[in-house]
Each structure stands twice: as C-alpha cells, then as structure tokens.
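Dear colleague,

I am handing over the structure that we spoke about, and I would ask you to keep it open beside this email while you read. My notes on what was found in it follow below.

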Amino acid sequence: MQFGDLRGILNYVPQFRGETFVLAAEGEVIASGQQRTLLQDIAVMHSLNMRVILVHGVGKQLLDAAANAGIEISNHDGTGRTDAATLDLGVQTISRLNLELLHRLRAVGLKGVSGSFVEANAAGVLGGKELEHTGRVSHIDQPLLESLLANDLIPLVSPLARDAKGRMYRMNSDQIAAQIAIAVGACKLIFLGSRPVAEMLQTDQREFTVDGALAHAEGLDHLNKARMKEGAKACRNGVPRVHFLNGVDDSALLRELFDNDGVGAMIYADVYRKIRPMEKSDVTVLISMMRDSIDDEAVLNRSTETVLNDLERFSVLVVDGNLVGAAALYPDEPSGSAEIASLFVQSGQRKKGYGARLIEHLEDRARELGCQKVYALTTQAAGFFSRDPYQQGSLDDIPKARQEKAKASGRNSYVFYRNL
C-alpha cells in the first residue's frame, strides 16, 4: 500500500463512521482459506467505528456434510425445496458453523452474537412445487440488531429461522441479508461470492441502476439471478449501494470500500459519479488537493479568492461523494470560443478517464453558450490533449486578449484547440 492510498482511505472514514454494513458471505467463502482474512477485514472496519452485520451461507458445508453422511439433500442453497432430512442436516451443520465463526471472531478481537434475528413464513408453492421446509423472511428484529450494534457486538446471522409457532425453516442467506439491510437502514449491502465477479454476473459491466440490474438478472443462473434481484430490491427500498465481490480475493472488501472505483460490481440507488457546478464548500478542498500540481507548475496557481470569484466557471467531478477533479470554462463571446482551464484530477484517480469526462462536460457547456471552438493552454498536459479531436496550434489560434495574457505569464504554454 502506498501512503497516497492512506489519504484516499481518509476520504471515506468520516462518511462511514457509525454507518451499518451488511456482509453476505457464501458458505464457500467461509470455507475457503480467506475466512480469516475476511474476519480481519471486519475487525478493521469495526476499529473505524463501522458497524457490521455478518450473514453467512452454508451451501458448501451442507454439500460436504451430505456427502460424508451419504445423504441426498433436496437443495443446498435455500432457494428450492427443503425436505425433512435436508432440514435436519442443515440445523446440525449451521449450528457447528456458528460456533466456529463465533470462536474465530473472538480470535481477531471481536465479539459476535448469534441469535433469532429473523422470523420466517413457509415459502409455500413455487413453480408448482411445494417447498416444504424452505422459508421466506417475514420479520426482522431490528431493535435487537440495533442494540447489539450499539454495544460494539457483531450480529452473526445464519440461514435458519422459525415462524411465530416455532417451526424451523431453511432460508436463503442472500434474501436474509437484503431484508436486514433494508430494516436497519444499511449504508451498504455487500455480497461476497466465491468466483470472479465478471464470471458470476456474466459481464464486465461494473455499475447498474436498479432497473438495469433487474434486466441483467434475467440472463443469469438461478442463484446469481436471485442475488441480483435481492440487491435491486434492497436499493429500491432505501439501501444506497449494493456491491458484488469475489470473496476469495483477499483484498477485495477493503479495496471496494476505500477506493473510489473499487474492484467489484455495484447497484446504486442514486447518482454515484457525477459532474456538478462547484460550490463554495468545494474551494478549500480543491485548492488543498491541487497544491502538488501547483508546485510542479502543472496547474496555474489560483488563490482561494480568485477561485471564489470565478466559482460559476468551475465544474467538479464527484465520485461516491468525494471530489476528485475539477475544470473551468472561460467563454469569450466576441471570438465565439472558450478556454478550458485549471483541469485537475486527484493524483490517485488518474488514468481512469475522469479528465476526459470533465473535458466532454465543458465542451457541452461551450456548445450551449454558442461557442464554435474550445482551446486549452498547458505546460505539462500536452500528452493528454495531443489526440483527436484536439490539434496543436499557436497563440494565433486564441483570442487576442488571451494571447497578451499568455505572453505576459512567461509560462510558454502549448496551445491545443478543437472546433465544435
């Protein structure tokens, strides 16, 4: 990890402090060699005052137990029919796994609590088939979960629940996790699968709207289809972000949380990455971020007062609530042109296309203002602008007043322009 990465993490700590995160880990993830790493990552989150609820699956463990006992089970993931033999084996397997996880949580300095956080109803008939002992969530004990979180405890939730009459049901852990995330107002719901995300979701696409996720889910296998639909439902009911990660990647969870772009896929309920007008509260942050670039003469030194006076000229790029870049547009009505200036992207966020997005946004603004040409003067970003549709020019290609100002500055800047 670079020291710059630590600065990036600090952007998130204030906004995550006191928030609730629901982690839904497949049984295969829990059974893998990454189990300890996952619990250590939870300990890191806990140390930053991030409240964590861990919901675990048991599919892998149930399949292994069935093979060892010579029993043919009716369903291993809680989405299909659960017969009596499968339920009995599931209760035994889940009980053992809960004890193991509670012990391992304590080994990383955490106190976990397993309990009856979920009430179920019989799933009934699905697709013409009686699901017997398979259940669906009917109620979440939100006050109990909140009480545990308030006392620095980690609720450990298993895919097993009873109904109001005490009848036991095998559950699907993804459905439980989504319902818990909704009930407690989670900041994020994170699904930890056991394969690369592109393989699980059958796409390299990283971001989905709620409607986009629902449409994409139709082409997936039954488990990932159900998972993606549960995620979309959670987003639709108040959870801002739902993430899909490869849980056997030992750095995936923390990178997803503390890097603007993350490593997984995400369903979002609102605008995740946007360009908006600069606000007064952005100015101090931006000037501070630009200091190194100003010292290197890559960006013209502008005082806080100067930027405040030109506030309406600036647009900022915000990723997941964090300002990562900015640029300004200075139109010149007599010449029908506009200057793109003060283009800046935070050092840790470069080579991600953010500069190009800002340029495209300012070009659109220039068109709206009736400009026929945009241009930029730069000393160190020639490589960025020296590609289509920009052409390298000279001072003769910019307005007369700007030529004089450029000569007076002594910066000997390159000139690039494009016709709109």
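Before anything else, one term is needed: two residues are said to be in contact when heavy atoms of theirs lie within 4.5 Å. With that in mind, and remembering throughout that this is a predicted model, you can look at Gln-391, which, once its neighbours within four places in sequence are left aside, is in contact with Val-415, Phe-416 and Tyr-417. Gln-391 belongs to strand β20, which covers residues 391-393, and with a relative accessibility of 40% it counts as partly exposed. The C-alpha atoms of Gln-391 and Arg-418 are 6.2 Å from each other, although 27 residues separate the two along the chain.

The protein as a whole

Stepping back, you will find 17 helices and 21 strands in the protein, whose C-alpha atoms fill a box of roughly 85 × 45 × 35 Å when this is taken along the principal axes. Of its 420 residues, 49% are buried. If you take the contacts in the protein with a separation of 6 or more, 71% of them are between residues 24 or more positions apart.

The nonpolar cores

The largest nonpolar core holds 42 residues, and the members that touch the most other members are Val-22, Val-118, Ile-180, Leu-189 and Ile-267. Helix α7, which spans residues 173-184, gives this core its largest share, namely six residues. Another core lies apart from it and has 33 residues, including Ala-25, Ile-94, Leu-101 and Leu-253.

Is Lys-188 buried or exposed? Its relative accessible area is 3%, and since buried means under 20%, Lys-188 is buried. Lys-188 is placed in strand β11, residues 188-193, and its side chain is joined to that of His-243 by a polar contact of 3.0 Å. Not counting residues up to four places away in sequence, Lys-188 touches Phe-16, Thr-20, Phe-21, Val-22, Val-239, Arg-241, His-243, Leu-257 and Asp-320.

Leu-245 is found in strand β13, which runs over residues 241-246, and at 0% relative accessibility Leu-245 counts as buried. Among the residues that Leu-245 touches, with those up to four places away in sequence not counted, are Ile-190, Phe-191, Leu-192 and Gly-193, as well as Ala-252 and Leu-253.

As background, an α-helix has 3.6 residues a turn, so residues three or four places apart point the same way.

A pair of crossing helices

Helix α4 (residues 59-69) and helix α5 (residues 84-107) have axes that come within 10 Å and cross at roughly 120°, and the crossing in which α4 passes α5 is right-handed. Where they meet, Gln-61, Leu-62, Ala-65 and Ala-66 are the residues from α4, and Thr-86, Leu-89, Gly-90, Thr-93, Arg-96 and Leu-97 are those from α5.

Two loop residues with positive phi

Lastly, please look at two residues in loops. Asp-152 is not a glycine, yet it has a positive phi of about 60°, and its place is in the loop between α6 (142-150) and β8 (154-157). Asn-412, which is not a glycine either, has a positive phi of about 55° and lies in the loop between α17 (400-409) and β21 (414-419). With a relative accessibility of 71%, Asn-412 counts as exposed.

With best wishes

Key
Residues numbered from 1 in each chain as written. Predicted model: local features only at pLDDT ≥ 70, side-chain atom pairs only at ≥ 80, totals over all residues. Heavy atoms only, no water. Helix = DSSP H or I, 4+ residues; strand = E, 2+ residues; numbered from the N terminus. Buried < 20%, exposed > 50% of the residue type's maximum accessible area, 1.4 Å probe, protein only. Polar contact = N/O pair within 3.5 Å; in protein donor to acceptor, adjacent residues only side chain to side chain. Core = buried A, V, L, I, M, F, W, Y, C linked by side-chain atoms within 4.5 Å. Axes fitted to C-alpha atoms, helices over the stretch in contact; angles between N-to-C directions. Left-handed = near helix turned anticlockwise from the far one by under 90°.
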